[in-house]
Amino acid sequence: MSEHSANPSATSGRSRAVKAVIPAAGLATRFLPATKAVPKELLPVVDRPVLQYIVEEATQAGITDVLLITGRGKTSMVDHFDRRPDLEERLAKKPDLLAAVKRTEELAAIYTCRQPEQLGLGHAVGYAESHVGDAPFAVLLGDEFVKPSEPLLPAMLELQARTGGVVLAFFEVDPAETSRYGIASVEPAESEYADIAEVVKVTGMVEKPSAEEAPSNLAVLGRYVLPGRIFDAIRRTEPGSGGEIQLTDAMELLRTEGVPVHAIVYRGTRYDTGMPLGYLQTVVQIASERDDLGAEFRKWLAEFVNKGDETVTDAVLNGLRDTSGGANT
């Protein structure tokens, strides 16, 4: 287990979150017809599905208990992490492939709960109560993840263990893009948290404001570490945007009742696979950086983009990291 395990925080005595919840019941209409039979979370990024990257992000932070909030037609997500003795037998003479297959079985204990109707993120998270209880837990949205060498979750777990409140993650967006995201208003955090990361105190959140109305350019990234009291707040939250029960509204309710809400401003690489463009950018960027594929793939990409003009191709690849809604740095 990593150093960021479920041990109590050295400074507060509170326990770290040891469970993660991944809401993954959505219909993924942006990817139809591909997602009619294949869950969006299982779309491959080279040779691993998006969902595996997310579970690996949790286990890297020391969380090995993962609850998937699923929907109809999504049982294959669980199958991906199940044993396949027949496949393992066939791969007996291919040790590298065998190890890759067995790794999916050993990453974490995977549990599931079905959300019968998709009535908002808050509604989905509410289904985790019987599994989580009153302990803090992490929520990882099923369509984005961060670069393993630039982790985010360990710092979030540490911050939540110290504050006992709600911990979010933000990333900076171009002011012209604020209307695509939930945007936060913030103030400087207490100095006692400066050793963890770039921490801010959250004073409010606005859903998809215009550039003129946005209180900042800090957008909500799909990672949360929440106290167990969020479940009571969800029960007391009325349907909001889109007629759905929004997690943002439940967190705001806790904030108005005195629960501390902090966030870490993440400046590492974020991959967003929630839309086709971002998904394609993620695949290209990760393929380009792979030790076993990168050199040959970049050479082909250079030829494809501009008939071998690598200067133009370098600019294209660098642009992938700067495009909002896709792979961001």
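**Close-up views of a predicted model**

**View 1. Helix 7.** In helix 7, the buried residues are L153, P154, A155, M156, L157, E158, L159, Q160, A161, R162 and T163; buried means under 20% relative accessible area with a 1.4 Å probe, protein chains only. Helix 7 spans residues 153–163, where helices (H or I, at least four residues) and strands (E, at least two) are DSSP runs numbered from the N terminus. Its cover includes helix 1 (50–60), strand 6 (137–140) and strand 8 (166–172). G164, with a positive phi near 75°, follows helix 7.

This is a predicted model, in which local features need pLDDT of at least 70, side-chain atom pairs count only at pLDDT 80 or more, and totals for chains, interfaces and linings use all residues. Residues are numbered from 1 along each chain as its sequence is written, and side-chain values use heavy atoms, leaving out hydrogens and water.

**View 2. Aromatic pairs.** The whole structure holds seven aromatic pairs (Phe, Tyr or six-membered Trp rings with centres within 6.5 Å; planes under 30 degrees apart are stacked, over 60 edge-to-face, the rest tilted). F31 and Y279 are edge-to-face, because their ring centres are 5.9 Å apart and their planes at 90°. F31 is in the loop between strand 1 (19–23) and strand 2 (44–45), and Y279 is in helix 10 (residues 276–289), so the pair ties together parts 248 residues apart in sequence. F31 is buried at 10% relative accessible area, and Y279 is buried at 13%.

**View 3. Arginines over rings.** The charged end of R48 sits over the ring of Y53, 4.2 Å from its centre (CZ of Arg or NZ of Lys within 6 Å of the ring centre and within 35 degrees of the ring normal). R270 lies over the face of F171, 4.0 Å from the ring centre.

Methods. Buried means under 20% relative accessible area, exposed over 50%, partly exposed in between (1.4 Å probe, protein chains only). Contact means heavy atoms within 4.5 Å.
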